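Visitor: I would like to learn how to read a model like this one, step by step. Could we begin with how far to trust its parts, and then go on to how the chains meet?

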Amino acid sequence: MSSRRPRSRASGGASRISDEQISDLVAKLQALLPEARLRSSDRVPSARVLQETCSYIRSLHREVDDLSDRLSELLSTSDVSTAQAAIIRSLLM
Amino acid sequence: MQGSKQFKRAILKNLVLGLRKRGVASRDMSFHERKSAVRHAADAALAAARGTAPCWSRSLAAELSRGQDAQLRPATSASEEYTPRKMTMCKRISRRRRSIRARPKSKATAKAADVLARVMVRRRTRALRDIVPGGRGMDECTLLGETLDYAVSLKAQVDTMQLLLRALQAPKNPMLMQQ
């Protein structure tokens with residue numbers, strides 16, 4: 001977990017371990033991001049990766065919101081084919 | 001890094017059951033009520049499928065049950081309550097900043113760049129704290145791990161909802177589970 005030992009501020013040794021863990025996690029986040037240019041380059045600064053991660057998560061939130069919209073529109077419309085209505089009924093009722 | 005098929009299947013199952021439970025296919029709902037119910041079901045499905053291991057998942061589940069008590073509060077991204085630890089964290093950050101500035105500028109530029117990078121990372125992590133459920137009570141290292149897990153899980157949630165949407169829209173080929 002975190003190396004929040006009281007001695008770490010004085011010695012600096014323990015904080016180096018935590019920096020390594022952090023770089024490792026940042027590298028993993030970088031690998032996750034959809035933008036190819038960020039993924040291919042291996043000298044992207046950590047702060048940039050974190051910024052892109054924020055944007056990425058926010059865009060995922062918006063997608064979930066949009067999909068919720070579309071799902072509820074689909075369920076509220078009476079303008080569906082009988083086959084479709086049957087599927088919706090069988091699955092969701 | 002991808003959410004596993006098993007995980008997505010769990011989300012889908014929870015989602016369908018949750019939608020049933022909330023009666024979203026019935027006619028007597030306003031658009032807002034229905035959308036709220038769908039969103040709530042989607043987030044609950046995600047948290048339940050992920051389980052109680054990550055902090056974000058527990059925080060999200062707690063937030064959802066609070067929301068339910070508050071009668072269909074519109075689902076927003078993590079709006080966590082103020083926790084005492086946040087204050088301490090800010091103090092630690094500002095204390096660290098002060099000690100960073102106190103270092104003599106005659107040190108090698110590489111080291112100064114390192115220090116600046118760390119400061120920037122801390123700034124960005126603060127933004128993450130507001131985005132990841134339960135982020136405000138975590139230390140930096142945990143937060144990054146949680147962010148990773150959360151992002152992967154969110155992607156799985158999106159994929160699953162898209163699948164369900166496609167399945168409900170395709171009258172001739174119901175539930176094409178091609179994955």
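Visitor: In chain A, where is confidence lowest and where is it highest?

Guide: This is a predicted model, in which local features need pLDDT of at least 70 and side-chain atom pairs count only at pLDDT 80 or more, while totals for chains, interfaces and linings use all residues. Residues are numbered from 1 along each chain as its sequence is written, chains are lettered from A and ligands numbered from 1 in the order in which they are written, and side-chain values use heavy atoms, with hydrogens and water left out. The term pLDDT is the predictor's confidence in each residue, from 0 to 100, and helices (H or I, at least four residues) and strands (E, at least two) are DSSP runs, numbered from the N terminus. In chain A, confidence is lowest in helix H1 (residues 8-11), at a mean of 42, and highest in helix H4 (residues 46-76), at 92.

Visitor: What does chain B average in pLDDT?

Guide: Chain B averages 80, and 72% of its residues score at least 70, but over residues 71-90 of chain B the pLDDT is below 50. Where pLDDT is low, the predicted coordinates should not be read in detail. Chain A averages 76, with 70% of the residues at 70 or above.

Visitor: How many salt bridges does the rule find across the interface of chain B and chain A?

Guide: A salt bridge is a side-chain nitrogen of Lys or Arg within 4 Å of a carboxyl oxygen of Asp or Glu, and the rule finds 3 across this interface. One pairs Asp69(A) with Lys35(B), whose closest N and O atoms are 3.4 Å apart.

Visitor: Which residue forms a salt bridge with Asp24(A)?

Guide: Asp24(A) pairs with Lys28(A), the closest N and O atoms being 3.3 Å apart. Because they are 4 residues apart in helix H2 (residues 13-32) of chain A, Asp24(A) and Lys28(A) are separated by about one helical turn.

Definitions and conventions
Contact = heavy atoms within 4.5 Å.
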